[in-house]
Amino acid sequence: MSLLDYFRSSKPKTAPLAKERLQILVAHERKFRNQPSYLPQLQKELLDVIRKYVNVDQDAISVNFEQDDNQETLELNIVLPDYQQTNKPINS
Amino acid sequence: MARIIVVTSGKGGVGKTTTSAAIAMGLAKKGHKTAVIDFDVGLRNLDLILGCERRVVYDFINVINGEASLNQALIRDKNCNLLYILPASQTRDKDALTQEGVGKVLDELSKDFEYIVCDSPAGIEKGANLALYFADDAFVVTNPEISSVRDSDRMLGILSSKSRRAERNEEPIKEYLLLTRYDPDRVKLGEMLSLEDVQEILSLDLLGIIPESKSVLSASNAGMPVILDEKSEAGQAYADVVARYLGEKLPHRFIDSKQGFLRRLFGGRK
């Protein structure tokens with residue numbers, strides 16, 4: 001370690017931090033890049049319909065759009081409230 | 001048919017116009033008849049960087065609107081007679097650029113030129129979209145800095161989805177990375193993203209690294225593209241970029257920091 005290094009070592013390295021933040025951010029943004037623009041609206045309307053019948057949370061529904069070379073897949077995932085939990089008073 | 005190059009980045013201030021001027025001059029100097037177009041309507045600056053601001057009579061919008069012919073609007077560069085500049089309009093609205101109009105001008109230029117360099121404005125609005133729409137090749141200008149890399153990644157998404165080639169299902173635009181304002185000393189200290197860091201995220205064909213250099217400002221002060229300053233590192237780096245683009249195999253330079261006198265004295269790093 002040279003004399004110059006000694007003075008330098010006091011500074012924290014920020015480049016690795018930048019890289020890590022970028023990797024997370026870019027991965028997230030790429031996921032949404034090719035999505036059709038109607039997805040958020042679709043998600044909201046589906047949620048409204050489901051809520052007519054079952055009381056679910058805002059985040060109980062997830063809409064995923066994936067694109068391969070030849071096909072586009074729309075994956076819809078709804079987590080219904082736990083029957084056991086919602087009916088606990090009956091069992092106890 | 002001309003090859004259409006867009007110089008783009010998303011983020012502003014990373015060196016798009018500096019790059020456009022340098023590579024257009026470089027291509028012309030290599031004997032290729034080249035036109036460089038400023039797409040930054042309302043904020044034109046390419047004319048300043050190329051030192052022809054006092055010779056602008058007609059502009060890109062005038063040509064699109066049929067108020068002037070292409071030959072009237074094109075300015076022949078004072079340093080190289082194979083380079084022509086088509087300036088942007090400084091007074092018009094951005095909406096004056098239309099896809100049809102731009103397409104027509106590019107078609108006409110294509111008959112007479114080998115390369116057309118489109119200097120994109122920052123952002124992802126109309127000017128930027130039209131600058132890349134007709135492109136065959138894209139030079140993505142990126143600084144080793146977090147917001148620039150993010151914006152470049154965003155531009156790559158747009159290049160692959162909103163270009164004419166994408167719409168026609170043709171072979172996609174060829175995307176190249178130009179890493180500008182690179183400071184190997186700061187990379188070594190862990191203060192700046194390295195070439196590898198940036199490539200891990202963008203993974204593009206690297207056309208060259210342009211080191212941070214005082215000569216870039218001096219060149220713009222003088223209205224001379226920095227590539228004409230053959231003594232400067234930035235000038236040499238741009239010359240390498242042009243040569244690589246034209247197919248020459250050159251090793252990359254300016255990646256490692258120089259061993260300065262002081263550093264050698266103090267033991268230095270390898």
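A cavity is a set of grid points where a 1.4 Å probe fits but cannot get out, and its volume is the space filled by probe spheres set on those points. The model discussed here is predicted.

Q: How much space lies in the largest cavity?
A: The structure holds 1 cavity of 30 Å³ or more. The space in the largest cavity comes to about 50 Å³.

Q: Which helix supplies the largest share of the lining of the largest cavity?
A: The lining residues include Thr18(B), Ala21(B), Val216(B), Ala219(B) and Ser220(B). Two helices of chain B, α1 (16-29) and α11 (214-222), each supply at least two residues of this lining. The largest share, 3 residues, comes from α11(B).

Q: How many nonpolar residues does the lining of the largest cavity have?
A: Among the residues of the lining are Ile49(B), Pro225(B) and Val226(B). By class, the lining has no charged residues and 2 polar ones, and its nonpolar residues number 6.

Q: What distance separates the end C-alpha atoms of helix α2 of chain A?
A: Helix α2(A) covers residues 15-33, which makes 19 residues. At 1.5 Å a residue, the helix should span 27 Å.

Q: Within what arc do the buried residues of α2(A) fall?
A: Ala15(A), Ala18(A), Lys19(A), Leu22(A) and Val26(A) are buried in this helix. An α-helix has 3.6 residues a turn, so residues three or four places apart point the same way. Seen down the axis of α2(A), the buried residues line one face of the helix, because they fall within an arc of 90°.

Q: Is Asn169(B) buried or exposed?
A: Asn169(B) lies in the loop between α8 (164-167) and β7 (174-182) of chain B, and its phi is positive, near 60°. Its relative accessibility is 72%, and over 50% is the cut-off for this class. Asn169(B) therefore counts as exposed.

Q: What is the phi of Arg181(B)?
A: Most residues other than glycine have a negative phi. Arg181(B), found in strand β7 of chain B, is partly exposed, with a relative accessible area of 41%. Although Arg181(B) is not a glycine, its phi is positive, at about 55°.

Technical notes. Residues are numbered from 1 along each chain as its sequence is written. Chains are lettered from A and ligands numbered from 1 in the order in which they are written. This is a predicted model: local features need pLDDT of at least 70, side-chain atom pairs count only at pLDDT 80 or more; totals for chains, interfaces and linings use all residues. Side-chain values use heavy atoms; hydrogens and water are left out. Helices (H or I, at least four residues) and strands (E, at least two) are DSSP runs, numbered from the N terminus. The expected span of a helix is 1.5 Å times one less than its number of residues. Buried means under 20% relative accessible area, exposed over 50%, partly exposed in between (1.4 Å probe, protein chains only). The arc is that of the directions from the helix axis to the C-beta atoms. On a 1 Å grid over the protein atoms alone, a cavity is a set of points where a 1.4 Å probe fits but cannot get out, and a pocket is an open set with protein on both sides within 12 Å along at least five of seven lines; lining residues have an atom within 4 Å of a point. Ala, Val, Leu, Ile, Met, Phe, Trp, Tyr, Cys and Pro count as nonpolar, Asp, Glu, Lys and Arg as charged, and the others, Gly among them, as polar.
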